[in-house]
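Here is a short note for a colleague who is opening this structure for the first time. Please keep the view at hand while reading.

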Amino acid sequence: MPERYYRELLRYFTRSAGDRDVAADLVQSAYTRIYAMQRSGGTVLDARALLYKSARNLAASGATRRLAEQRVLDALSLVAPTSAPSAESTAMAREQLNLFLQRLEAMPRKRRDVFILVRIYGYSYREAGEYLGMTETNIERHVMRGILDCAAYAPSCA
């Protein structure tokens with residue numbers, strides 16, 4: 001494996017990510033993927049291109065994951081608006097997550113599906129309506145009922 005690309009990739013992803021540690025993790029993960037691919041018998045025709053592509057994909061999926069996590073945290077704040085989870089309150093965040101999951105499970109299936117699509121995955125009302133075959137008005141109603149369900153589950157209201 002041509003390690004000669006490491007510094008080039010590290011510089012590129014440091015500029016794009018704005019953080020050398022994040023860039024180092026991306027580049028290392030890209031190398032790991034390519035090594036694993038070679039170990040499983042795959043052929044690498046252009047290692048440099050594949051490393052860039054792998055690192056870009058990892059960066060994109062990381063950004064998507066962080067966005068989804070933020071949406072979950074935003075949804076959790078519906079349960080307890082003043083105590084969204086932080087590094088200092090991991091145990092509290094887990095408890096809130098369990099309460100949130102219990103509340104989701106208690107929702108009617110259609111409301112839960114709509115709520116998850118809109119509040120967790122970030123679908124617009126129109127997109128969720130098209131996906132589920134419902135009108136935007138019905139989507140909005142289900143989301144509002146889901147929010148009320150979650151708010152009723154707040155520890156201060158329990």
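This is a predicted model: local features need pLDDT of at least 70, side-chain atom pairs count only at pLDDT 80 or more; totals for chains, interfaces and linings use all residues.

1. Salt bridges overall. How many salt bridges does a search of the whole structure find? The search finds five.

2. Arg-48 and Glu-8. These two side chains meet in a salt bridge, at 2.5 Å from N to O. Arg-48 lies in helix 3, residues 47–79, and Glu-8 lies in helix 1, residues 6–17. The two parts are 40 residues apart in sequence, so the pair ties them together. Is this pair buried or exposed? Arg-48 has 36% relative accessibility, so Arg-48 counts as partly exposed. Glu-8 also counts as partly exposed, because its relative accessibility is 22%.

3. Asp-149 and Arg-103. Here the closest N and O atoms of the salt bridge are 3.6 Å apart. Asp-149 sits in helix 7, residues 136–152, and Arg-103 sits in helix 4, residues 90–106. The pair therefore ties together parts that are 46 residues apart in sequence. Both Asp-149 and Arg-103 are buried.

4. Arg-111 and Asp-149. Asp-149 forms a salt bridge with Arg-111 as well, with the closest N and O atoms 2.6 Å apart. This pair links distant parts of the chain: Arg-111 is in helix 5, residues 109–120, and Asp-149 is in helix 7, 38 residues away. Both partners are buried. For Arg-111 the relative accessibility is 16%; the cut-off for buried is under 20%, so Arg-111 counts as buried.

5. The network and its surroundings. Which residues are linked in a network of salt bridges? They are Arg-103, Arg-111 and Asp-149. What else does Arg-111 touch, leaving aside its neighbours within four places in sequence? Arg-111 is in contact with His-142, Arg-145, Gly-146 and Asp-149. Please display these contacts together with the network when checking this region.

6. Aromatic pairs overall. The count comes to seven aromatic pairs. A pair of aromatic rings is described by the distance of the centres and the angle of the planes. Both values are given for the two pairs that follow.

7. Tyr-12 and Phe-13. The ring centres are 4.8 Å apart and the planes stand at 90°. Why is the pair called edge-to-face? Planes over 60 degrees apart count as edge-to-face, so an angle of 90° puts Tyr-12 and Phe-13 in that class. Tyr-12 is partly exposed, with a relative accessible area of 28%. Phe-13 is buried, with a relative accessible area of 2%.

8. Tyr-31 and Tyr-35. This aromatic pair is tilted, with 6.2 Å from centre to centre and 35° between the planes. Where do the two residues lie? Both are in helix 2, residues 20–39, and they are four residues apart, about one turn of the helix. Tyr-31 counts as buried, at 6% relative accessibility. Tyr-35 is partly exposed, with a relative accessible area of 29%.

9. The tyrosine cluster. Which residues do ring pairs link into a cluster? Tyr-6, Tyr-31 and Tyr-35 are the residues linked in this way.

Terms used:
Residues are numbered from 1 along each chain as its sequence is written. Side-chain values use heavy atoms; hydrogens and water are left out. A salt bridge is a side-chain nitrogen of Lys or Arg within 4 Å of a carboxyl oxygen of Asp or Glu. Buried means under 20% relative accessible area, exposed over 50%, partly exposed in between (1.4 Å probe, protein chains only). Contact means heavy atoms within 4.5 Å. Rings of Phe, Tyr and Trp (its six-membered ring) pair if their centres lie within 6.5 Å; planes under 30 degrees apart count as stacked, over 60 as edge-to-face and the rest as tilted.
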